[in-house]
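This report describes selected features of the structure shown below. It takes up helix packing, chain arrangement, charged pairs and individual residues in turn.

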Number of protein chains: 4
Amino acid sequence: MIDLNCDLGESYGAFKVGNDHEVLKYISSANIACGYHAGDHNVMFETVRLAKNHGVRIGAHPGFPDLAGFGRREMKCTPREIYHFIVYQIGALAAVCKACDTELSHVKPHGALYNMAAKDVEIAAAIAQAVADFDSSLVLYGLAGSELVRAGREKGLLTAEEVFADRTYQPDGTLTPRSDKNSMIHDPALAISRAIRMVEEGCVEDVNGMDMVIKADTICVHGDEPQALEFVGRLRNAFAKEKISIRKSWRNE
Amino acid sequence: MIDLNCDLGESYGAFKVGNDHEVLKYISSANIACGYHAGDHNVMFETVRLAKNHGVRIGAHPGFPDLAGFGRREMKCTPREIYHFIVYQIGALAAVCKACDTELSHVKPHGALYNMAAKDVEIAAAIAQAVADFDSSLVLYGLAGSELVRAGREKGLLTAEEVFADRTYQPDGTLTPRSDKNSMIHDPALAISRAIRMVEEGCVEDVNGMDMVIKADTICVHGDEPQALEFVGRLRNAFAKEKISIRKSWRNE
Amino acid sequence: MIDLNCDLGESYGAFKVGNDHEVLKYISSANIACGYHAGDHNVMFETVRLAKNHGVRIGAHPGFPDLAGFGRREMKCTPREIYHFIVYQIGALAAVCKACDTELSHVKPHGALYNMAAKDVEIAAAIAQAVADFDSSLVLYGLAGSELVRAGREKGLLTAEEVFADRTYQPDGTLTPRSDKNSMIHDPALAISRAIRMVEEGCVEDVNGMDMVIKADTICVHGDEPQALEFVGRLRNAFAKEKISIRKSWRNE
Amino acid sequence: MIDLNCDLGESYGAFKVGNDHEVLKYISSANIACGYHAGDHNVMFETVRLAKNHGVRIGAHPGFPDLAGFGRREMKCTPREIYHFIVYQIGALAAVCKACDTELSHVKPHGALYNMAAKDVEIAAAIAQAVADFDSSLVLYGLAGSELVRAGREKGLLTAEEVFADRTYQPDGTLTPRSDKNSMIHDPALAISRAIRMVEEGCVEDVNGMDMVIKADTICVHGDEPQALEFVGRLRNAFAKEKISIRKSWRNE
């Protein structure tokens, strides 16, 4: 069983990003930007309604308060401040859900915050605490094997370990930085077979060709370009053939 | 019975505004800025904790997305967009309250939005609908006799009609614009006697010297300057002498 | 002789807008956003360098401080504040030009500010004064026959009267609002013949079918979509056939 | 001969900071915020006019694009982006000066950027290059003995080495971080005698009690609190007694 998640609602005012309508046909969870790095209040409403109509689970995708940097730049914020703005952003999106008569399901930090939370114990703890204090029934998404997943478990949250089909892994389980040559897997067939292996065997080859253990609760996909969309379609077909079903709920299964 | 409310939490980052610690001793309701015109996420947490510790009711004080203008400039936003950002801002502050183990009690629009909602039926309806859709148990504050109060009632909300002790009224019940010479009442004794009359008799003299009917559920006070603070103290003493009690709750009374 | 201008540099951080590389092949003047409604400092440098490499004149395209609204929403700003932020934005872009070893040529207000300056005498005067005070050799672009052009002339500025090939005109010379059905001319051939007539005869048919006088110093084109680009190419070809030459300079001709 | 500089124009919209009117009586150079970390376009005009009226030299005080953090938080920006936004900010303030019929004299980076530029060779070079490319006659202010001063000299700029009377120094010439207990000198008499020694002898005692060489071209003072203002007055009197004159110009003296 696997969850397919995608970052959505990343437009801002007249600035249009992504292809949300299309990718929603393929995914089971949408991570929606909350106004700090992308996604203004109008975009949030539109995206929540769209996800609801597609029967896709809705998650908050909070990021650094950095619109110009799209939340991709590291900012020196105290764990306390991170706790504050995670609560703020989740609360804002949860309110949009409430007004649209639907519910928030999960939280996945965005961009630089996601990467920092994977390694930094204090930031991971701040984020997990924020989620727990707002609503302890929310599922916390984090890089598989990361500090964020650990922190979530410690706070008693349900966690979803996230894997990437199109990225390579270092021996310590971290993603190879995008700046490295071999960070991306460009061959769709290889990416798909790796994804299947991660789900079925809990295992993936690292950059040195050694097998490493990895837990794949959810897989991150993209939908902003035609090629990306096509890949998601192929991935879903491959999962179907392997009888890997798409997760219908994080509970009672 | 009367409620004393004050706008709080209007600092932003290193920019410090007001004297929140002091005025909280005198008031029964705090309207807390939600990050759009003032009050970042750090300030919101600090102010919610402070209000909670003083046993003061907490309200959201949403405004236009205009930090540079402090929400005091009219912006041409559609009622739909206003609905969206009211939900966003209330949700963010409600989340802060939840994380601080306390509750949101009311909503009062800020600045230009407050003034526009007093007269514009569509904006009033958008705001009232946003409050009702987020949490229909919240009390909606608006200018006494305004469209906003009317809209709130239509949506089934409890409303609080707000009066001003230090401002003069036009015959139609609107406040005399600040740009007019006679907009302010500078004599504290006169302001206090007018406040008492509004509460006890439901009546106030307009700029032409004619009595007009006014409902005074809550009175707006300021605490940013020593004189303002002193006035609030005198007002409370005057209410005490008149046996006008400070409202303990908006319900079951 | 005619100038072809286009709004460029409207990306912001990770938010990509337009097709600047392509349209620069067809135009003689680029209006570059200055960071308030679009176009951050990185985008400004990139766009100035691009325009310089294409030998296209560079203009400042200042707008309201409203990134979320892309400068398309009316804001209630005093003429004094408008004067201030026009100077700020022109200065910022002029500095980018200086650092790129090129020069600023003109100023064209953006969006809601452009429309307001066409009709409002005080706003028009504030903008013209800002341009004159910063550099009186800059050319001021405004809607043909507008208050802005008039104000520019009064301040002693060279002005460029702007016309639109794909829009219809009201009898008073204003553009038919986009919200009206007949605001746009969708037939490229008709748009081109109107453009030619405006340039050659100084004349255009209004919505009522009556001829009105119009001065066409510069024509506004778009390049953000394939169709728009194609139209610009056809327009240039049509001008070439009519021996209407593209303006090489605003001076000594 | 010494220059007394102070950071001014740090208000933003309704957020009022500092006591600019008062401190301008005592200083010879004002560093004016440029809209990124503080100081909107209205404040910039007001402050430039005020400085001009007091005959005080005007400098640009560019900072990180971080209003919420007041430019005091480190941001991971490339040297290229720093170059871009330094040009942008200097250009904007230079334009304000031009419109006010006065001139820009110097540039001093603000907050976290100032501290990073003191140590980071690439950031220092980016800032110095930005200043040189915009106007090579501008004086570059930096921490005495810092990489920024070195970079400025390499680019052929006139530099001003800045010292602090109320801060202690590490043996390597850096300021003791504010988080350390002994970072501040609270005794005004001691601060004044250290300032005089730095100017007259080019020498100051470090935290270990050892003398170190220091060049004091300009001294940073504050004016935001009554005590700070009083200290500046005493410092000027002490300089006068010692026949240390206040620098009238950075040139031909």
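In this predicted model, the crossing of helices α3(C) and α5(C) is right-handed. Two packed helices are described by the angle between their axes and the distance between the axes. Here the axes of α3 (residues 79-99) and α5 (residues 121-134) of chain C come within 8 Å and cross at roughly 35 degrees. On the α3(C) side, the residues that meet α5(C) are Pro79(C), Ile82(C), Tyr83(C), Ile86(C), Val87(C), Ile90(C), Gly91(C) and Ala94(C). Their counterparts in α5(C) include Ile123(C), Ala126(C), Ile127(C), Ala130(C), Val131(C) and Phe134(C), and also Glu122(C) and Asp133(C). Sorted by class, this contact between α3(C) and α5(C) has 13 nonpolar, 2 polar and 2 charged residues.

Which residues of helix α4 (residues 111-119) of chain B are buried? They are Ala112(B), Leu113(B), Tyr114(B), Met116(B), Ala117(B) and Ala118(B).

Strand β2 (residues 29-33) of chain B contains Ala30(B). Ala30(B) counts as buried because its relative accessibility is 0%. Leaving aside residues up to four places away in sequence, Ala30(B) touches Cys6(B), Leu8(B), Leu24(B), Ala51(B), Val56(B), Arg57(B), Ile58(B), Gly59(B) and His106(B). Cys220(B) is 190 residues from Ala30(B) along the chain, yet their C-alpha atoms are separated by 10.0 Å.

The arrangement of the chains can be described by superposition. Chain A can be laid on chain D with an RMSD of 0.0 Å by a turn of 180 degrees and a shift of 0.1 Å along the axis. The two copies are therefore related as by a two-fold rotation axis. Among the residues of chain A, Met75(A) comes closest to that axis, with its C-alpha at 2.6 Å. Of the interface residues of chain A, 100% are also interface residues in chain D, so these copies meet through the same surface.

Chain B is superposed on chain A by a rotation of 180 degrees with 0.0 Å of shift along its axis, again with an RMSD of 0.0 Å. For this pair, Ala92(B) is the residue of chain B that comes closest to the rotation axis, at 2.2 Å (C-alpha). Because 100% of the interface residues of chain B are also interface residues in chain A, these copies too meet through the same surface.

Side chains of opposite charge can pair when their charged atoms come close. Over all chains, the structure holds 48 salt bridges. The table lists examples.

| Residue pair | N to O distance |
|---|---|
| Arg73(D) and Glu81(A) | 3.1 Å |
| Lys25(D) and Glu22(D) | 3.0 Å |
| Glu201(D) and Arg197(D) | 2.9 Å |

In the pair formed with Lys25(D), Glu22(D) is partly exposed, with a relative accessible area of 31%. Glu201(D) and Arg197(D) both belong to helix α7 (residues 188-201) of chain D, where they are 4 residues apart, about one turn of the helix. Glu201(D) counts as exposed at 52% relative accessibility, while Arg197(D) is partly exposed with a relative accessible area of 24%. Elsewhere, salt bridges that share partners join Asp7(A), Lys108(A) and Glu162(A) into one network.

Two loop residues complete the account. Asp101(A), in the loop between α3 and β4 (104-107) of chain A, has a phi near 65 degrees, a positive value in a residue other than glycine. Is Asp101(A) buried or exposed? Its relative accessibility is 66%, so Asp101(A) counts as exposed. Phe70(D) is placed in the loop between β3 and α3 of chain D, and its phi, near 55 degrees, is likewise a positive value in a residue other than glycine. Phe70(D) is buried, with a relative accessible area of 3%.

How values were computed:
Residues numbered from 1 in each chain as written. Chains lettered and ligands numbered in written order. Predicted model: local features only at pLDDT ≥ 70, side-chain atom pairs only at ≥ 80, totals over all residues. Heavy atoms only, no water. Buried < 20%, exposed > 50% of the residue type's maximum accessible area, 1.4 Å probe, protein only. Contact = heavy atoms within 4.5 Å. Salt bridge = Lys/Arg side-chain N within 4 Å of Asp/Glu carboxyl O. Axes fitted to C-alpha atoms, helices over the stretch in contact; angles between N-to-C directions. Left-handed = near helix turned anticlockwise from the far one by under 90°. Nonpolar A, V, L, I, M, F, W, Y, C, P; charged D, E, K, R; others polar. Least-squares fit on C-alpha atoms with pLDDT ≥ 70 in both.
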